[in-house]
Amino acid sequence: NLAGLEFFMTLFPVVLADNGQESSNPKSVEFFRPNPKHNPTKLERRTWMFFCDPYRSTQKPHVENNHLLVRRIMPKGASFDQIEQEHVDRAMSHINSYPRQSLDGKTPYDEFVSFYGDRGREFLERLNIRRISADCVTLDPSLLGPEFKREANNAILRRKGVEE
């Protein structure tokens, strides 16, 4: 909805997904109802959805790299109960402002805006993704506040089998 149909189709001509539960209804992603009031059963295609082979993270390596950066901020085992959308937005802003070797030292944010122009920048703003200057990028649980930093540290210790 934030992208609008035309820009969605530009951004996602093809969707490559894992075989996870979140992808259990590919028709809901591939099709939309152009005019539900006049013809509630008519569907039109907006994208094509394909699936990775099980346990083949190499088929989507950039997603896996992003996942590693997310886990630097939100370690596995930490409770996400206190995390709100603004925390997720902040984390994604920092992750997408982190320069990547695969982008010749550029950031995903800058590459996206360079490719899609003002329309891309406006879309990122609607998603609450902001450009963070390189000297302010933080990929650490402290980004989400001291309480989450403590929770993340405890989760790391639990994974290592150390008592809190």
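**Exercise 1. How many salt bridges does the count come to by the rule that a side-chain nitrogen of Lys or Arg lies within 4 Å of a carboxyl oxygen of Asp or Glu?**

Solution. The model is predicted, so local features need pLDDT of at least 70 and side-chain atom pairs count only at pLDDT 80 or more, while totals for chains, interfaces and linings use all residues. Residues are numbered from 1 along each chain as its sequence is written, and side-chain values use heavy atoms, with hydrogens and water left out.

Under this rule the count is 8 salt bridges. Three of them are worked through below.

- Step 1. Lys 42 and Glu 44 form a salt bridge through their side chains, with N to O at 3.5 Å. For exposure, buried means under 20% relative accessible area, exposed means over 50%, and partly exposed lies in between (1.4 Å probe, protein chains only). Lys 42 has a relative accessible area of 41% and is therefore partly exposed. Glu 44, at 31%, is partly exposed.
- Step 2. Asp 110 and Arg 131 meet in a salt bridge at 2.9 Å, N to O. This pair links distant parts of the chain, 21 residues apart: Asp 110 is in helix H5 (residues 108–126), and Arg 131 is in the loop between H5 and helix H6 (146–159). Asp 110 has a relative accessible area of 29%, so Asp 110 is partly exposed. Arg 131 is partly exposed at 37%.
- Step 3. The side chains of Asp 140 and Lys 149 form a salt bridge at 3.1 Å, N to O. Asp 140 is partly exposed, with 25% relative accessible area. Lys 149 is partly exposed, with 25%.

**Exercise 2. Describe the overall make-up of the protein: elements, extent, burial and contacts.**

Solution. 

- Step 1. Helices (H or I, at least four residues) and strands (E, at least two) are DSSP runs, numbered from the N terminus. The protein has 6 helices and 4 strands. Along the sequence the pattern reads α-β-α-β-β-β-α-α-α-α.
- Step 2. The C-alpha trace spans about 60 × 35 × 30 Å along its principal axes.
- Step 3. The protein has 164 residues, of which 29% count as buried.
- Step 4. Contact means heavy atoms within 4.5 Å. Among contacts between residues at least 6 apart in sequence, 62% join residues at least 24 apart.

**Exercise 3. Which residues form the nonpolar patch on the surface, and which strands supply at least two of its residues each?**

Solution. 

- Step 1. Patches are made of residues with over 30% relative accessible area and no salt bridge; like charges are joined within 9 Å, and nonpolar side chains (Val, Leu, Ile, Met, Phe, Trp, Tyr) within 5 Å.
- Step 2. The patch consists of Val 14, Leu 16, Trp 48 and Phe 50, which together have about 400 Å² of accessible area.
- Step 3. Strands S1 (14–17) and S4 (48–51) each supply at least two of the patch residues. Trp 48 lies in S4 and counts as partly exposed because its relative accessibility is 46%.
- Step 4. Two strands pair if DSSP finds at least two bridges between them. S1 and S4 pair in the parallel sense over 4 bridges. Val 15 has Met 49 in S4 as its bridge partner.
- Step 5. The uncovered face of S1 holds Val 14 and Leu 16, and the covered face holds Val 15 and Ala 17.

**Exercise 4. Is Ser 23 buried or exposed, and what is Ser 23 in contact with beyond its neighbours within four places in sequence?**

Solution. 

- Step 1. Ser 23 is in the loop between S1 and helix H2 (26–30).
- Step 2. Its relative accessibility is 10%, so Ser 23 counts as buried.
- Step 3. Beyond those neighbours, Ser 23 is in contact with Ala 17, Asp 18, Met 49 and Phe 51.
- Step 4. The Ser 23 side chain reaches the backbone oxygen of Asp 18 at 3.4 Å.

**Exercise 5. Where are Asp 104 and Asn 128 placed, and what is the phi of Asp 104 and of Asn 128?**

Solution. 

- Step 1. Most residues other than glycine have a negative phi.
- Step 2. Asp 104 has a positive phi, near 55 degrees. Asp 104 sits in the loop between helix H4 (85–95) and H5, and counts as exposed because its relative accessibility is 69%.
- Step 3. Asn 128 also has a positive phi, near 65 degrees. Asn 128 is in the loop between H5 and H6, and at 35% relative accessible area Asn 128 is partly exposed.

Note on methods
Areas by Shrake-Rupley, 256 points an atom, 1.4 Å probe, with all protein chains shown as cover. Polar contact = N/O pair within 3.5 Å; in protein donor to acceptor, adjacent residues only side chain to side chain.
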